[in-house]
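Please look through the sequence and the 3D structure shown here before reading the notes that follow. They take up a few topics in turn.

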Amino acid sequence: MRQRFFLLSICLLVSGCSGAESDKEQMPANPEASNPSLQFRIADEEIRRVDLETMKAALPTHRLDFFDHMYGKRKRYLAFALQDVLQMAYAEKWKPASFTDVAFQALDGYEAVAEVAKTVEEGGYLCFADLEVTDWEPISRKQASPGPFYLVWTGARQTPEHAYPWPWQLASISIVNFAEEYPQVYPRGLSVDSPVYAGFQLFKQRCVRCHAMNRDGGKIGPDLNAPQSILAYRSEQMVRELIKRPSDYRYTHMPDHRDLSEADLDHLIEYFRHKRNEVNGIGRE
Ligand code: HEC
């Protein structure tokens, strides 16, 4: 691997020390655009909305300089530590043991779900200013602006491939108990070290935002278990191919998953097989 991921000088910005900085840090002229807010929820219920100025007053600001996987190059931002943001917003309700996942929703409805364990790691930052351009440098094929809030991870292993969420245009954060939120996606009665459970974890991290099981989950792609399991009408080999490299077969919104190993695909198939057998009697209708 040629790329080196590094985390250079993440330093605390003491307020008032930026006078000598040559970076562009002025806020945009429009006051509404300069003080966007972020919504915080528990499942579907909004518990708070916090604006940028309030966060700046309450939290330390960090200056990031690191390899941003979304841009494929080094970038510099002003950011808050994700942990600080979550702790401030949820306060006494921030009890990582009592829920399983944190969902990050973007303005366009995109949702990324991450296990709680990931969100309490060091290295997650909520960026609120791009230090290289006055506004934000456009991102992705769509050339979207990642602001007003953009979630990044600075650790070498904290990549999208390792299921760290990197939403841009972040609008809302929600803490959820996955089993309660998506009861039909959850595999019942299994030990957490079984292959089916590993498949479920992958499905949760990579697929559920677009696909449902028994109508629980995303609506962008087809339901993969109802009214019939995907394994009932496609061969196992075809399912593996359509997960790993759909772009070899069709023009589609389904992304390729070329980083998945054969073991990962085995686990997903085991999960689909389990859900197929589970469907009778547990389906909603
Ligand atoms: C960004 C949304 C998106 C994500 C993420 C996504 N898919 Fe899809 N998927 C789709 C769409 C849309 C289709 C509909 C058929 C097509 O366009 O290829 C599809 C089709 C499929 C099919 C083929 C269905 C058929 O019968 O042709 C399978 C299997 C599948 N997805 C499995 C998965 C799995 C497993 C994951 C996670 C590893 C996943 N998908 C992630 C959007 C997505």
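Which of the 21 residues around the ligand come nearest? In this predicted model, the residues that come nearest to the ligand are Cys207, Cys210, Gly221, Thr252 and Met254, out of the 21 residues around it.

**The shell around the ligand**

- Sorted by class, the shell around the ligand is made up of twelve nonpolar, five polar and four charged residues.
- Helix H6, which covers residues 195-207, and helix H8 each supply at least two residues of this shell, and H8 gives the most, with three residues.

**Strand S6 and its partners**

- Strand S6 runs over residues 101-106, and because five of its six residues are buried, this strand is largely enclosed by the rest of the structure.
- With strand S7, which spans residues 111-115, S6 pairs in the antiparallel sense over five bridges, and within this pairing Asp101 stands opposite Glu115 in S7.
- The hairpin of S6 and S7 has four residues between the strands, and in this hairpin Gly109 takes a positive phi near 95°.
- S6 also pairs in the antiparallel sense with strand S10 (residues 170-176), here over six bridges, and the bridge partner of Ala103 in S10 is Ser174.

**Asp223 in its loop**

- Asp223 is placed in the loop between strand S12 (216-217) and helix H7 (230-233).
- Is Asp223 buried, exposed or partly exposed? Asp223 has 19 other C-beta atoms within 10 Å, and it therefore counts as partly exposed, given that a residue is buried if 20 or more such atoms lie within that distance.
- Although Asp223 and Met213 are ten residues apart along the chain, their C-alpha atoms are separated by 5.5 Å.
- When its neighbours within four places in sequence are left aside, Asp223 is in contact with His211, Ala212, Met213 and Arg215.

**Confidence of the prediction**

- The chain averages a pLDDT of 85, and 86% of the residues score at least 70.
- Confidence in the chain is lowest in strand S1 (residues 11-13), where the mean is 31, and highest in helix H8 (residues 236-244), at 98.
- Over residues 1-28 the pLDDT is below 50, and this stretch has 29 contacts in the model beyond near neighbours in sequence.
- Residues 280-285 also have a pLDDT below 50, and for this stretch the model has five contacts beyond near neighbours in sequence.

Notes:
Residues numbered from 1 in each chain as written. Predicted model: local features only at pLDDT ≥ 70, side-chain atom pairs only at ≥ 80, totals over all residues. Buried ≥ 20, exposed ≤ 12 C-beta atoms within 10 Å, placed from the backbone. Pairing = 2+ DSSP bridges. pLDDT = per-residue confidence, 0-100. Contact = placed C-beta atoms within 7 Å. Near = placed C-beta within 6 Å. Nonpolar A, V, L, I, M, F, W, Y, C, P; charged D, E, K, R; others polar.
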